[in-house]
Amino acid sequence: MITLTSSITAVIGANAAKRKKVEQGLGLHTVGDLLDHFPRRYLDTGNLTAVGDLQVGQMLCVVGEVVQCDTRTYRDRRSGRTAYRVEAMLQTDGPRLKMTFFAKNKGTAGWHARRVAVGNRGVFLGKADRFRDQWQLVNPSLTVFGMADETVEGALPDEIGDLYPIYPLTKGVESWDLLRAVRFARSVLEEIPEVLPPPVREKYAVLDVATAYDWVHTPADRHQVTRALHRFRFAEALVTQLVLGRRRRAVQELGATIRTGGDGALVTAFDDRLPFELTTGQREVGEEITRDLAAPHPMNRLLQGEVGSGKTLVALRAMLRVVDSGGQAALLAPTEVLAQQHHRSISAMLGELGEGGTIFGSAEGTRVDLLTGSMTKGQRREPLLRIASGEAGIVIGTHALLQDEVTFADLGLVVVDEQHRFGVEQRAALTEKAVVPPHLLVMTATPIPRTVAMTVFGDLDVSTLRELPGGRAPIQTNVVPLAEQPSWIERVWQRVREEVEAGHQVYVVCPRISAEDLELGVTVIDHDEDGEPVTTAPGESAAVEDVVPRLTAGPLPNCRIGRLHGKLPAEEKDATMRAFAAGEIDVLVSTTVIEVGVDVANATTMVILDADRFGVSQLHQLRGRVGRGGHHGLCLLVSHAEDPESPARVRLDAVAASSDGFALSRIDLEQRREGDVLGASQAGRRSSLTNLKVLRDEDTIVDARDAAAELLDEDRDLGRWPLLADAVRELELSQQGDFVDKS
């Protein structure tokens with residue numbers, strides 16, 4: 001009896017070499033794996049070209065048989081090496097078409113020759129051309145459904161309908177091989193287990209699994225493909241939603257210390273010393289967080305907002321409320337530069353309220369301590385004691401907060417800034433330092449793909465700040481395409497000089513520290529038309545250590561130029577930022593360490609070199625560092641991208657055209673995909689989702705979330721639906737499911 005767990009050898013055929021290629025090249029080991037290997041597109045065989053009076057340039061889609069094939073060698077002019085040319089003749093229902101395939105080595109030439117061996121039949125696509133009185137098929141692509149040693153009758157096999165499936169393939173395996181295996185598997189599988197409960201399928205108009213498999217592999221029309229794919233996307237979304245839904249309910253059942261804010265003395269004193277009024281959005285989000293902190297279960301909230309919308313202020317008021325309640329709050333920052341910036345800005349906002357227990361502090365105040373990895377053992381001793389005793393009500397730090405030696409007296413709130421920079425395990429390590437599960441607030445300026453995915457999947461309650469405080473000036477953003485206009489770089493440095501002469505300051509951002517050292521996090525990942533990841537070649541790009549002397553000796557000889565990157569000693573980084581903030585540096589050449597949190601009001605211009613190497617969200621974050629002091633901002637995106645239609649150039653044009661971070665986050669997600677929604681992977685990596693795309697399938701995800709809530713309300717253990725319960729349990733126990741347990 002053949003089941004979904006049977007070895008794929010039961011249906012793939014007797015050819016051992018081909019079975020090995022299917023298993024190793026495609027990762028298909030069971031019959032279930034084969035059925036879940038969906039076509040990436042479909043060839044419309046119902047619209048084959050009738051080869052009659054051909055025209056040069058005409059696109060052809062024809063059925064034919066190879067009647068001649070020769071492999072020839074020639075000398076490659078560029079390399080001087082021997083290369084190969086495979087020439088084949090295709091017999092159609094009209095004139096013969098010559099096809100040519102070029103190869104740099106004998107192995108590739110042999111592969112081409114086997115695909116177009118005499119007697120092979122299939123569907124061929126390409127452009128018609130005429131050369132030396134011979135019709136040619138230029139740049140041909142082909143799908144072979146009949147090899148020379150196989151018997152296939154008729155113009156097309158009878159089993160093939162109007163839509164011929166084109167599968168993701170590996171060398172030596174054709175779509176026809178997989179289609180035949182799928183057809184055989186479906187004929188011998190007696191029953192396919194149905195995971196979706198009948199009431200759910202009926203309410204949400206979802207196909208049964210057997211019909212869906214038939215329609216996705218051998219559809220009669222496009223409508224059947226759409227219905228089948230919807231079924232598999234809904235099933236995947238439902239299982240994911242059930243996992244996340246069970247997690248949310250488990251968290252609520254854990255219980256948390258209620259943080260009502262006591263008499264609110266610290267928050268009130270802080271609000272009284274603010275030199276401005278809170279925006280409406282800040283007040284509304286503050287009230288949402290206040291209600292969460294007063295609940296008997298842990299808060300799990302995402303605070304997203306535009307660059308400069310005041311998220312840190314909202315988070316600080318939440319931390320002060322927890323301190324008013326007798327607890328402690330920790331702010332986790334991804335870099336030392338940002339942690340130090342947070343410590344300076346929060347200490348400045350609190351004033352004497354942040355010096356509690358000292359002769360300079362107020363009666364209502366608390367202590368604000370900083371803990372980073374570069375601090376010496378002696379420098380860490382007193383902060384660690386204050387954290388352990390509870391004297392430090394607010395603790396700001398980097399990954400150093402996660403170390404075992406750090407203990408809290410009563411950790412009530414964890415704030416994670418730029419949460420996408422931290423993996424699941426890192427966030428869990430901090431929250432586990434609390435005796436009772438702490439409340440969690442994660443912040444992000446422009447949601448990167450993974451954050452958007454988490455939001456759509458509903459794992460976090462979401463608060464949004466769209467309103468910018470008064471005094472923020474607009475930022476003009478322009479692309480500087482050096483491949484088209486190389487002389488424009490001179491105007492870039494002229495604008496920098498003009499800003500410095502006007503008394504303002506400038507950032508120059510580079511992707512790398514030095515020529516030998518690539519700064520992490522900036523190599524852009526694009527995707528081809530089939531969704532496969534393609535990493536852009538690193539090539540040569542601007543580096544801080546090279547740009548600083550070049551600017552000093554060249555276009556900016558009279559400017560005070562500083563440098564900043566992650567490999568500098570902590571003292572030097574802090575001194576550089578302090579000097580820049582004090583106006584002692586005119587131009588700061590930096591990597592992306594200034595991406596978030598850095599706030600210098602006099603900085604009006606940002607030049608991003610090799611901007612095409614950054615993602616949309618990163619570019620938006622970076623330009624948010626200027627225009628913060630009431631002066632108009634300018635951001636220049638310098639690019640060497642040669643193709644105006646390339647994904648990199650599309651990114652830059654999108655950033656230049658819009659200042660709406662939420663709209664840009666969707667463009668980012670469309671280009672870079674979801675990342676690993678349930679796992680620790682970050683944006684841009686291959687998604688653990690098999691069929692779902694978060695933007696395309698938002699409606700399906702919302703329906704699945706509603707269905708999951710209904711099922712969990714009925715029975716959290718899903719006792720009535722054991723197959724669905726097994727699928728949920730399998731995901732919970734998988735590597736991706738770590739997110740569910742620890743985030």
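**Close-up views of a predicted model**

**View 1. Strand S10, helix H13 and strand S11.** S10, helix H13 (residues 377-389) and S11 form a right-handed β-α-β unit. Right-handed means that, with the strands pointing away from the viewer, the path from the first strand over the helix to the second runs clockwise. Helices (H or I, at least four residues) and strands (E, at least two) are DSSP runs, numbered from the N terminus. This is a predicted model: local features need pLDDT of at least 70, side-chain atom pairs count only at pLDDT 80 or more, and totals for chains, interfaces and linings use all residues. Residues are numbered from 1 along each chain as its sequence is written, and side-chain values use heavy atoms, with hydrogens and water left out. S10 and S11 (residues 392-397) run parallel, joined by 5 bridges. Two strands pair if DSSP finds at least two bridges between them. S10 (residues 367-371) is mostly covered, with 5 of its 5 residues buried. Buried means under 20% relative accessible area, exposed over 50%, and partly exposed in between (1.4 Å probe, protein chains only). Arg367, Asp369 and Leu371 point one way from S10, and Val368 and Leu370 point the other way.

**View 2. The buried face of helix H7.** In H7 (residues 209-217), Val209, Ala212, Tyr213, Val216 and His217 are buried. Seen down the axis, these residues fall within an arc of 115°, so they line one face of the helix. The arc is that of the directions from the helix axis to the C-beta atoms. An α-helix has 3.6 residues a turn, so residues three or four places apart point the same way. The cover over the buried residues of H7 includes helix H3 (31-35), strand S1 (41-44), strand S7 (163-166), helix H5 (175-188) and helix H8 (222-254).

**View 3. Gln224 in helix H8.** Gln224 lies in H8. Gln224 is buried, with a relative accessible area of 16%. A polar atom of its side chain lies 2.9 Å from the backbone nitrogen of Ala220. Leaving aside neighbours within four places in sequence, Gln224 is in contact (heavy atoms within 4.5 Å) with Trp215, Thr218 and Pro219.

View 4. Lys18, Val22 and Leu26 are buried in H2 (residues 16-26). They cover an arc of only 45° around the axis, which puts them on the same side of H2. The buried residues of H2 pack against helix H1 (9-12) and H5. Just after H2 comes Gly27, with a positive phi of about 70°.

**View 5. Two loop residues with positive phi.** Arg132 is not a glycine, yet its phi is positive, near 55°. Arg132 sits in the loop between strand S5 (121-131) and strand S6 (134-146). Arg132 is exposed, with a relative accessible area of 75%. Leu718, also not a glycine, has a positive phi of about 55°. Its place is in the loop between helix H22 (698-714) and helix H23 (722-733). Leu718 counts as buried, at 2% relative accessibility.

Definitions and conventions:
Polar contact = N/O pair within 3.5 Å; in protein donor to acceptor, adjacent residues only side chain to side chain.
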